[in-house]
Amino acid sequence: MQLTGPAYREYDYILAGGGMAGLSLAYYLSKSSLSSRRILIIDRGIRKEQTFCYWSAETSDFDFLAEKSWESLYFHSSRPSSIKIAIEPYTYHKINRKDWFSHVEAELSKYPNIHFLTAEIQSIAFQGVGSLVQTSEGKFYACEKIFDSFSPFPCDNANPKHLKQHFLGWEVECNFNNFDTEAAHLFDFRVAFGKECEFMYVLPTSPRKALFEYTFFSGTLREPEFYRDKIKSYLFAYYGLTEDDYLIKEEESGVIPMRNNPNAVENLYQKHLKIGTSGGFVKSTTGYSFYRTQKFCQDLVASLEKGPSPQLVIPHRPWKIWLDEVFLQVLIDQKIAGSKVFESLFYNNKPALLLKFLQEETSWKEDLRLMWSVPTLPFVRAALKTINRSKIK
Ligand SMILES: Cc1cc2nc3c(=O)[nH]c(=O)nc-3n(C[C@H](O)[C@H](O)[C@H](O)COP(=O)(O)OP(=O)(O)OC[C@H]3O[C@@H](n4cnc5c(N)ncnc54)[C@H](O)[C@@H]3O)c2cc1C
């Protein structure tokens, strides 16, 4: 079925931004008791190359779309031997953007009340009891709520103290078998020689095809050629591949904010709600948001089904936010190399516990255990800085 264009000027819900978060929310609305509401999804319609990777312990609606899933991961550091870790009960999945969007759009097209508009969103303003969205294709009115995933998240790309996950990746294909598909390489810190947190991320999806992503958790962005040169050198150093040996099938790049949301926490009484990256759905210490977005959107729909409530869009957990702040401060301070921090976490803890922690599913006792496993001084110094900062506020 075709996606339907807007039939009305007035909708119950308007989803301003139809990227991953907007469509995830529309998907869960369509599966809920709110499925008959008039919903308009507005997007400018330009989509970049992108993959969605996540780890989960339980099966989710989209696992079947994964191009590849792994039960084990490699961790490489400056130590002579690399470790291969079983991540049970978790599985790491890689979904290609095109497969995910095609599937979700096909599901949404089954609902005649869910409409799509390709347009530039210009502004959002309150009007009467609802809100008005001004677009390049005219004005649309949301009687109940606007879910905004298009507004920029406050992160300054030029400010080195605003940490970002910045990366450029190539999907390469060889005409001979070259890659061990048994495990994904989440962190390869053998490329990190300085204090900045940089690593290669490798997802071998077949013996001939793999995604190589040169990644930084830092405040200073580089020119695209810098990341490309790093990938070329890596392919040669670790796989013996020269440029004649592979084809670059796709290139993807991104700058993802690694900051806690400085905006006020939102509750469901509000008419204009930010979701996705705009709403701070990205986990600040990892840059991952696909899995969290699914969880937050499911919870959001469950709360909307109950009617007006003070429920928060994102659970507000000051302890977890503080732990993130400290971790980010350590990466900003660079008193210790980022690679050493991850090394201590991976070598001193069970990998599943670490993944649980990064998913914010650990208890405070487990958090304390993890905190003991990292180098004390840089973390104490960073913790004091965050405490002083909050006193000044
Ligand atoms: C290359 C890349 C790879 C990533 N890989 C992963 C991953 O593996 N795992 C993971 O968990 N996270 C990943 N992320 C992070 C995150 O999951 C994605 O950024 C995700 O797309 C965020 O969803 P979103 O809806 O918040 O933003 P987007 O998907 O960017 O959606 C925002 C939408 O708003 C629209 N828009 C913006 N401005 C306007 C306007 N003025 N008018 C109309 N429309 C507008 C855009 O067209 C876009 O479709 C990745 C990010 C990038 C960039």
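**Notes on the predicted model**

1. By class, the shell around the ligand is made up of 12 nonpolar, 11 polar and 4 charged residues. The coordinates come from a predicted model, and the points that follow should be read with that in mind. In total, 27 residues surround the ligand, and the closest of them are Gly-17, Gly-19, Ala-21, Gly-254 and Gly-276.

2. As to which elements build this shell, helix H1, strand S2 (39-43), strand S3 (51-56) and strand S16 (246-257) each supply at least two of its residues. The largest share comes from S3, which contributes 4 residues. Seen by domain, the shell draws at least three residues from domain 1 (10-50 + 97-153 + 259-305) and at least three from domain 2 (164-257).

3. The protein is divided into three parts, namely domain 1 (10-50 + 97-153 + 259-305), domain 2 (164-257) and domain 3 (318-392). The centres of domain 2 and domain 3, taken over C-alpha atoms, are separated by 26 Å, and 8 residues of domain 2 are in contact with 8 residues of domain 3. On the side of domain 2 that touches domain 3, the classes are 5 nonpolar, 1 polar and 2 charged residues.

4. Two packed helices are described by the angle between their axes and the distance between the axes. For H1 (residues 20-30) and helix H2 (residues 97-108), the axes come within 10 Å and cross at roughly 40 degrees, which makes H1 oblique to H2. The crossing of these two helices, H1 and H2, is left-handed. In this contact, Leu-23, Ala-26, Tyr-27 and Ser-30 of H1 meet Phe-101, Val-104, Glu-107 and Leu-108 of H2, and by class the contact has 6 nonpolar, 1 polar and 1 charged residues.

5. H1 also packs with helix H4 (residues 290-305), where the axes come within 9 Å and again cross at roughly 40 degrees; H1 and H4 are therefore oblique to each other. Which hand does the crossing of H1 with H4 have? H1 passes H4 in a right-handed crossing. From H1, the residues Met-20, Ala-21, Ser-24, Leu-25, Tyr-28 and Leu-29 take part, and they meet Phe-290, Thr-293, Gln-294, Cys-297, Gln-298, Leu-300 and Val-301 in H4. By class, this contact of H1 with H4 has 9 nonpolar, 4 polar and no charged residues.

6. Two places in the backbone call for a separate check. Most residues other than glycine have a negative phi, and most peptide bonds are trans. The peptide bond from Glu-88 to Pro-89, however, is cis, with omega near 10 degrees, and Pro-89 is found in the loop between strand S6 (83-86) and strand S7 (91-96). Gln-334, a residue other than glycine, has a positive phi near 55 degrees, and Gln-334 is found in the loop between helix H5 (318-333) and helix H6 (338-348).

Definitions and conventions: Residues numbered from 1 in each chain as written. Predicted model: local features only at pLDDT ≥ 70, side-chain atom pairs only at ≥ 80, totals over all residues. Axes fitted to C-alpha atoms, helices over the stretch in contact; angles between N-to-C directions. Parallel < 35°, antiparallel > 145°, perpendicular 65-115°, else oblique. Left-handed = near helix turned anticlockwise from the far one by under 90°. Contact = placed C-beta atoms within 7 Å. Nonpolar A, V, L, I, M, F, W, Y, C, P; charged D, E, K, R; others polar. Near = placed C-beta within 6 Å. Domains from an automatic or database assignment.
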